Amino acid sequence: MRVYFDNAATTPLDPEVLKEMYKVMESQFGNPSSIHAHGREARTLIERSRKTIANLLHTSPAEIFFTSGGTEADNMAIKCGIVDHGLKHAITSRLEHHAVLHTLEAMEKAGVIKLSFVDTDHKGNVDYAHLEKLLQDNERSFVSLMHANNEIGTLTDIERVGELCEQYNALFHSDTVQTMGHFPHDLSKLKVHFLVCAAHKLHGPKGVGFLHINHRIKIKPMIHGGSQERNMRGGTENVYGIAGLAKALDMAYADMEAHQAHIQGLKSYMLEQLKAEIPGVSFNGETDPGKSLYTVLNVSFPEMDMADMLLFNLDIAGISASGGSACSSGTDIGSHVLTAIGANPSRASVRFSFSKYSNKEEVDFTVAKLKDVCLVKA
């Protein structure tokens, strides 16, 4: 058996999405900027996809801009949002994805902004009182806090963050890569200025995503060139990728409740099996279903011989997962997220992440192999 439990990194392409993309690649190959029939056909497909996405998110198609994925969308929101609005202060957490952290750190190093980090607890929860204090103490800020942490799964109450940002006239960007297609987002109610999507996190293709930009604010393009994306992103559009993204998101919304129940059931089952079969195991981040991303379970194993070989041994055993440990020194390259929550650097951690294709048999197989390969000390 070969088990794939690394869906937070990327998901397998849904066969229905592949069919949709293949149809476009085969027959709708025109350049959407061309005025002839082939071009107009491709342009119509893009705008139809944009409308599908906007309808699912309860927003206007004019607020959806296609990108190459989540990293580009994050960079565009942060760099353009800060520079074009003349902001001098930004707030984030030490648990953010590097697409956010490295971008903000580079802007601070260049002298563009002063960067503040909101406090988080040992499970990755944001200290909302501290966030409000940072907003109070600094002139108009740019706030970037992810909806769900990609390593430990802890959810942030972005509705609450949005309310605070509105109260203090701050711009709010949320990296929603891990929750898009897994949780509903109602942009007619959510007080957010930017949020993002990467298609490959929800059984769509790699290399395509989108940035939502609230109509109440304006930014200039980050990538210059042609007049694509209503003059907001130069470059010929990834037509078949966009079609695949729209198809994947449409399917995700159609079956969201059923998929959530299935995946949450697998996560809870694996958690209980690990506790029963491996003494001393613990879990990083929130595990309460109401506070945690249901697709992610981050597990810390008891100290063992050759802990750094755990992922390799799992791979040899037929299990694909990801993980690491907290940084133990200034030169150690470990997980910045686990370090930020104070995880024990001597314990190996593994992130198991599930999808609609995961099943109980795979969980049982994985738990059994973990007992064999972990060399857990009694």
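Colleague: Which residues in H2 meet which residues in H8?

Modeller: In this predicted model, Ala42, Leu45, Ile46, Ser49, Thr52, Ile53, Leu56 and Leu57 of H2 meet Val239, Ile242, Ala243, Leu245, Ala246, Leu249, Asp250 and Tyr253 of H8. By class, this contact of H2 with H8 has 13 nonpolar, two polar and one charged residues.

Colleague: At what angle do helix H2 and helix H8 pack, and how far apart are their axes?

Modeller: Helix H2 (residues 37–57) and helix H8 (residues 239–254) pack at about 25°, and their axes are 9 Å apart.

Colleague: Why is H2 called roughly parallel to H8?

Modeller: Angles under 35 degrees count as roughly parallel. The angle here is about 25°, so H2 is roughly parallel to H8. The crossing of H2 past H8 is left-handed.

Colleague: Why does Thr103 count as buried?

Modeller: Buried means under 20% relative accessible area. Thr103 has 6% relative accessibility, so Thr103 counts as buried. Thr103 belongs to helix H4 (residues 98–109). Leaving aside neighbours within four places in sequence, the contacts of Thr103 are Asn75, Ile78, Lys79 and His98.

Colleague: Which strands does H4 lie across?

Modeller: H4 lies across strand E3 (89–92), E4, E5 and E6, and runs at about 140° to E4.

Colleague: What makes strand E2 and strand E4 the edge strands of the open sheet?

Modeller: The order of the seven strands is E2-E8-E7-E6-E5-E3-E4, with mixed pairing. Strand E2 (64–67) and strand E4 (114–117) each pair on one side only, and they are the edge strands.

Colleague: In which sense do E5 and E6 pair, parallel or antiparallel?

Modeller: Strand E5 (residues 141–144) and strand E6 (residues 171–174) pair in the parallel sense, over three bridges. Ser144 stands opposite His173 in E6.

Terms used
Residues numbered from 1 in each chain as written. Predicted model: local features only at pLDDT ≥ 70, side-chain atom pairs only at ≥ 80, totals over all residues. Heavy atoms only, no water. Axes fitted to C-alpha atoms, helices over the stretch in contact; angles between N-to-C directions. Helix = DSSP H or I, 4+ residues; strand = E, 2+ residues; numbered from the N terminus. Parallel < 35°, antiparallel > 145°, perpendicular 65-115°, else oblique. Left-handed = near helix turned anticlockwise from the far one by under 90°. Contact = heavy atoms within 4.5 Å. Nonpolar A, V, L, I, M, F, W, Y, C, P; charged D, E, K, R; others polar. Buried < 20%, exposed > 50% of the residue type's maximum accessible area, 1.4 Å probe, protein only. Pairing = 2+ DSSP bridges.
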